[in-house]
Amino acid sequence: MSRTARIARRVGIAVAGLVVVVAGTAALAVFTQAGRETVARIGLGYSEAAGVPVRIETLSWPSLGRIEVAGVTVADPSGDWLAVDRASLDWRPGRLFDGVCSIAALDVGTVAVARQPAYPPAPAADDAPLLPSLPIAVE
């Protein structure tokens, strides 16, 4: 076997090993309760960092494709301005591998808007799109 073939074989084995590790980590994140709670904590951390604190009293994942929340509040610098008593989402997380966020159903209970939110103005951008470009389509 030539030197180039041996190097290519080693690189192939390393890439395959990396794919197995990434797939295992992703499975741990979505297929276990602890992993799901970690994913939720990370998402809530991003909302806090963006200046839009979201609190969820109860979060449950009765199955991989169903998420249920209760006691959701969204705040601005003046306090809570939005409250949702309960919501559930039925989706197909496996479709994310196809670049599609497939939502079968979204059921929301009572939504209470206490007032208009008062966030500081965002810096103006000339030709910035309203939403960021993501490599995912929504069904």
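**Exercise 1. Find out which residues V113 touches, and where V113 sits.**

Start with the contacts: apart from neighbours within four places in sequence, V113 is in contact with W81 and L82. Here, contact means heavy atoms within 4.5 Å. Before going on, note that you're looking at a predicted model, where local features need pLDDT of at least 70, side-chain atom pairs count only at pLDDT 80 or more, and totals for chains, interfaces and linings use all residues. Residues are numbered from 1 along each chain as its sequence is written, and side-chain values use heavy atoms, with hydrogens and water left out.

Strands (E, at least two residues) and helices (H or I, at least four) are DSSP runs, numbered from the N terminus.

Finally, check a distance: V113 and V84 are 29 residues apart in sequence, and their C-alpha atoms are 8.8 Å apart in space.

**Exercise 2. Decide whether V113 is buried or exposed.**

First, get the cut-offs: buried means under 20% relative accessible area, exposed over 50%, and partly exposed in between (1.4 Å probe, protein chains only). Then compare: V113 counts as exposed because its relative accessibility is 55%.

**Exercise 3. Work out which surface patch V113 belongs to.**

Step one is the members: I103, L106, V108, V111 and V113 form a nonpolar patch on the surface. Such a patch takes residues with over 30% relative accessible area and no salt bridge, joining nonpolar side chains (Val, Leu, Ile, Met, Phe, Trp, Tyr) within 5 Å, while like charges are joined within 9 Å. A salt bridge is a side-chain nitrogen of Lys or Arg within 4 Å of a carboxyl oxygen of Asp or Glu.

Step two is the area: together these residues have about 430 Å² of accessible area (Shrake-Rupley method, 1.4 Å probe; for residues, only the protein chains shown count as cover).

Step three is the strands: β4 (100-108) and β5 (111-113) each supply at least two residues, and β4 gives the largest share, 3 residues.

**Exercise 4. Track down the largest nonpolar core.**

List it first: V69, V72, V74, W81, L82, V84 and A87 make up this core of 7 residues. A nonpolar core is a set of buried Ala, Val, Leu, Ile, Met, Phe, Trp, Tyr and Cys residues joined through side-chain atoms within 4.5 Å. Now assign strands: β2 (66-76) and β3 (79-92) each supply at least two residues, with β3 giving the largest share, 4 residues.

Zoom in on V72: not counting residues up to four places away in sequence, V72 touches V54, R55, I56, L82, A83 and V84.
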